[in-house]
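Hello,

Here is the structure I promised to pass on to you.

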2 protein chains.
Amino acid sequence: MSTETLVPVFAALGDETRWSVLEALGDGEASASALAGRLPVTRQAIARHLSVLEGAGLVEAVRAGREVRYRVLASRLSATARRLDAIGAEWDRRLAAIREIAEGL
Amino acid sequence: MSTETLVPVFAALGDETRWSVLEALGDGEASASALAGRLPVTRQAIARHLSVLEGAGLVEAVRAGREVRYRVLASRLSATARRLDAIGAEWDRRLAAIREIAEGL
DNA sequence: GCTTCCTGCAATGATTCAGTTGCACAAGAC
DNA sequence: GTCTTGTGCAACTGAATCATTGCAGGAAGC
């Protein structure tokens with residue numbers, strides 16, 4: 001997972017409503033219409049959010065007859081967490097090195 | 001780190017320019033004016049981004065005379081990564097349980 | 001066939017956001 | 001004291017985004 005694909009994931013996760021959608025999908029896969037029944041937004045709004053989440057690779061669309069069900073891709077979350085952890089560790093390393101140089105002066 | 005404070009962090013990380021700012025701060029703490037010399041945006045734009053990053057707890061302001069230097073808080077990154085990993089694991093657990101029930105039918 | 005439900009596209013409105021310019025003020029440098 | 005440099009606030013523009021309503025099409029159910 002490169003840094004370029006990382007930014008859209010964070011952008012997708014940086015919205016409260018989208019977290020509601022993800023939480024609702026935690027009960028199992030569901031269609032946009034089904035989610036609209038549980039959340040205080042219209043079906044179209046949810047469809048847009050699902051499209052954003054799908055673009056970020058956080059959910060996956062599955063056709064089931066005439067309806068389209070969405071399911072969470074937990075692997076994407078884990079991969080993002082790993083990348084974030086690696087970046088944090090890298091920063092720790094660099095900042096520690098800077099501190100060391102500063103003390104050496 | 002609660003879920004509420006998590007969303008602003010993701011929103012802050014969901015912007016390419018903000019990543020440029022963070023990367024530039026990886027070389028050590030710097031002021032908004034100094035960063036403006038290295039990035040293709042004005043000082044005010046950078047100041048706004050730094051304000052967002054500070055609000056998310058990703059950077060910290062340090063007064064040094066008349067200038068305000070910002071430094072990365074790598075710990076926030078690590079904490080966010082841990083939370084994300086925990087959420088991913090929780091989803092894995094729930095989705096596995098659902099799958100198990102579905103097979104049991 | 002007809003009806004019903006779910007999806008998809010288009011247009012609109014309101015809000016937010018990124019970025020700019022301009023100006024005022026404060027603190028070092030000389 | 002004067003000049004320079006860094007910061008802060010305010011107003012403005014343009015673009016993106018969130019959410020809405022309305023309507024058309026398509027696939028199952030009867």
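Predicted model: local features only at pLDDT ≥ 70, side-chain atom pairs only at ≥ 80, totals over all residues.

Residues are numbered from 1 along each chain as its sequence is written, chains are lettered from A and ligands numbered from 1 in the order in which they are written, and side-chain values use heavy atoms, with hydrogens and water left out.

Chain A as a whole

Chain A holds five helices and three strands, arranged along the sequence as α-α-β-α-α-β-β-α. Its radius of gyration is 19 Å, well over the 13 Å that the globule rule gives for 105 residues, so chain A is more spread out than a compact globule. (The radius is taken over C-alpha atoms, and the rule is 2.2 Å times the number of residues to the power 0.38. Helices, H or I, are DSSP runs of at least four residues and strands, E, of at least two, numbered from the N terminus.) The C-alpha trace of chain A spans about 70 × 25 × 20 Å along its principal axes.

Of the 105 residues in chain A, 38% are buried; buried means under 20% relative accessible area, exposed over 50%, and partly exposed in between, with a 1.4 Å probe and protein chains only. Among contacts (heavy atoms within 4.5 Å) in chain A between residues at least 6 apart in sequence, 47% join residues at least 24 apart. There are 14 positive and 14 negative side chains in chain A, and the centres of the two sets lie 8 Å apart. Here Lys and Arg count as positive and Asp and Glu as negative, without His and the chain ends, and each charge is placed at NZ of Lys, CZ of Arg, CG of Asp or CD of Glu.

The sheet

The three strands of chain A form an open, antiparallel sheet in the order E1-E3-E2. Its edge strands are E1 (30-31) and E2, each of which pairs on one side only; two strands pair if DSSP finds at least two bridges between them. Two bridges join E1(A) to E3(A): A:Ala30 has A:Tyr70 as its bridge partner, and A:Ser31 stands opposite A:Arg69.

On the other pairing, six bridges link E2 (residues 59-64) to E3 (residues 67-72) in chain A. E2(A) and E3(A) make a hairpin with two residues between them, and A:Gly65 in the turn has a positive phi of about 70°.

Two residues to look at

A:Glu60 sits in strand E2 of chain A, opposite A:Arg71 in E3(A). This glutamate is partly exposed, with a relative accessible area of 33%. Leaving aside residues up to four places away in sequence, A:Glu60 touches A:Arg69, A:Tyr70, A:Arg71 and A:Leu73. A:Ile98 is 38 residues from A:Glu60 in sequence and 43 Å from it in space, C-alpha to C-alpha.

In chain B, B:Ala79 lies in helix H5 (residues 74-104) and is buried, at a relative accessible area of 17%. B:Ala79 and B:Ala47 are 32 residues apart in sequence and 25 Å apart in space, C-alpha to C-alpha.

Best wishes
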